[in-house]
Amino acid sequence: MTIPVASHHSMNDRPVLPDAEALALRAVHRAAAELRRGTPVLLRGAPDAPADWLAVAAAETVGATGLAELAALSGAPPVLLLAPARAAAVAQPSPRPQAAAPEEAVALRLPARLLAPEALRSLADPTAERLLPDGPRPERLPPPPLAAAAIALAKLGRLLPALVALPLAPAAEPPRHHLLEVEATAVLAYPASAATTLRKVAEAVVPLEAAADARIVAFRAADGGIEHLAILIGQPEAATGAAPLVRMHSECFTGDLLGSLRCDCGPQLQGAIRRMAAEGAGVLLYLAQEGRGIGLVNKLRAYALQDSGLDTLDANRALGWGADERSFLVAATMLQQLGIERVRLLTNNPQKLAALTACGIAVEGRVAHAYPPNGVNDDYLATKARRFGHLLA
Ligand SMILES: Nc1nc2c(ncn2[C@@H]2O[C@H](COP(=O)(O)OP(=O)(O)OP(=O)(O)O)[C@@H](O)[C@H]2O)c(=O)[nH]1
Ligand SMILES: [Zn+2]
């Protein structure tokens, strides 16, 4: 009987250790999961700045246990890290003129009355402000090293970009603890690094109501994160004349699955498939980037803010997120893996054209993809044209 040799063993049967990039992806993915369950993690400076350590926990999820674990690390008082737009809403008005370069993170002093799970959640979340205890607003402090990486890590966990942070005094010895460590540079490199490792993991024929000749190809990245899908209609890989029709569609649970009238995603999704079927070929990339990359939970919060008067762009910013947090390197990698190097893109969004071109895909044309307003999404569509530069035809 032959015993199958596990594929992670090399020819001479010595285990192959993961390379530095795989280790970095693993550490960041684990660290984001720690934040999601309320556990602190330790951010570490780059190898050339090893003295910097920042212990952080997400304001949205941390409980009494996580706060106690942080406090056990040092006697220094923790601070609250917020994205600048959220800090402007909760901090004392800043006496200093605005910094010339845009800040990535703002630190606030945390008086004892605010160092409690419920108060932290309300500082983080503009839809939970009514829970904020009375008292003076927190003051700004100079942000500690690695603050920007802490904000980025919370965003990777699709959490509000708000963290309790404890800078640890530079020490010859690394701090003693049982928490996960992650390098700040690995956090910042993660999105691009994960996107380029996407590979096909499954493929099946799935005839659709609007396109009988359809296949779905699933892609997974080495980080173990959520999969992205390509829906192939006909044989777009074999296109010879015009470049194939391609749609980059960001997942929208509410619009795609439930038929929500707040956006135009449902008609865009169905319309793209019908259009590709009519042409005989096309690729719809169904990207796991719900809510323009902020995740479904934050999109629901953004909707709540829009119901109190903000538009779709300002609602993202009020939560501490950018207007559009997507990276289309994911889509470019999938197209390359499918052997599709030139496209005609179905979109109204000029950023999508620029982003895909920057990733090395030849965008040979744009095909307009607008649907009339439905009476509920009128302001949303008008905002996309006015503030995101969407082309209406
Ligand atoms: N954050 C946020 N995301 C939203 C909102 N409304 C819709 N979305 C998300 O926006 C994304 C839809 O964008 P797309 O249709 O792919 O792209 P687009 O930027 O509108 O450009 P087009 O290609 O012209 O459609 C989906 O992920 C939706 O979940 C909103 O109010 N806030
Ligand atoms: Zn939508």
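This is a predicted model: local features need pLDDT of at least 70, side-chain atom pairs count only at pLDDT 80 or more; totals for chains, interfaces and linings use all residues.
How many bridges join β2 to strand β6? Six, and the two strands run antiparallel.

Strand β2 covers residues 53–58. Six of its six residues are buried, so the strand is largely enclosed by the rest of the structure. Both faces are covered. W53, A55 and A57 lie on one side, and L54, V56 and A58 on the other. Each of these residues is buried.

β2 also pairs with strand β1, residues 41–44. Four bridges join β1 to β2, and they run antiparallel. A55 marks both pairings. L42 stands opposite A55. In β6 (residues 162–168), A55 stands opposite L166.

**The nonpolar core**

The largest nonpolar core has 104 residues. The residues with the most contacts inside this core are A59, L80, L81, A150, L163 and A165. Helix α5, residues 147–156, gives the most to the core, with eight residues. Domain 1 and domain 2 both give residues to this core, so it lies between them. In general, nonpolar side chains tend to be buried together in soluble globular proteins.

What does L163 touch, leaving aside its neighbours within four places in sequence? L163 is in contact with V56, A57, A58, A59, L81, A150 and A154.

**Two domains**

The protein chain is divided into domain 1 (20–190) and domain 2 (198–289 + 326–388). Note that domain 2 is given as two stretches of sequence. The centres of the two domains, taken over C-alpha atoms, are separated by 35 Å.

**The seven-stranded sheet**

Seven strands form an open sheet. Their order is β8-β9-β10-β12-β11-β13-β14, with mixed pairing. The edge strands are β8 (199–205) and β14 (362–367), and each pairs on one side only. Neighbouring strands are turned by 25° against each other on average, direction ignored.

Inside the sheet, β11 (residues 245–250) and β13 (residues 342–346) pair in the parallel sense over two bridges. L245 has R344 in β13 as its bridge partner.

| Helix | Residues | Strands touched | Direction angle |
|---|---|---|---|
| α8 | 265–279 | β10, β11, β12, β13 | about 165° with β11 |
| α12 | 329–337 | β8, β9, β10, β11, β12, β13 | about 140° with β12 |

**Around ligand 1**

Which residues come nearest to ligand 1? Of the 23 residues around the ligand, they are S250, C252, T347, N348 and N349. Several elements contribute to this shell. β11, α8, α9 (290–293), α10 (296–307) and α11 (312–318) each supply at least two residues. The largest share comes from α9, with three residues.

**Two positive phi angles**

L146 has a positive phi of about 75°, although it is not a glycine. L146 sits in the loop between β5 (140–141) and α5. Is L146 buried or exposed? L146 counts as buried because it has 28 C-beta neighbours inside 10 Å, where 20 or more are needed.

R292 is another residue other than glycine with a positive phi, near 55°. R292 is placed in helix α9, the element that supplies the largest share of the ligand 1 shell. R292 is buried too, because 21 other C-beta atoms lie within 10 Å.

**A partly exposed loop residue**

A128 lies in the loop between α4 (117–124) and β5. A128 is partly exposed, with 16 other C-beta atoms within 10 Å. Not counting residues up to four places away in sequence, A128 touches R121 and S122. The C-alpha atoms of A128 and E118 are separated by 9.4 Å, and the two residues are 10 residues apart along the chain.

Methods:
Residues are numbered from 1 along each chain as its sequence is written. Chains are lettered from A and ligands numbered from 1 in the order in which they are written. A nonpolar core is a set of buried Ala, Val, Leu, Ile, Met, Phe, Trp, Tyr and Cys residues joined through C-beta atoms within 7 Å. A residue is buried if 20 or more other C-beta atoms lie within 10 Å of its own, exposed if 12 or fewer, and partly exposed in between; C-beta atoms are placed from the backbone. Domain bounds come from an automatic or database domain assignment. Two residues are in contact if their C-beta atoms, placed from the backbone, lie within 7 Å. Two strands pair if DSSP finds at least two bridges between them. Axes are lines fitted to C-alpha atoms, for helices over the stretch in contact, and angles run from 0 to 180 degrees between N-to-C directions. A residue is near a molecule or strand if its C-beta atom, placed from the backbone, lies within 6 Å of it.
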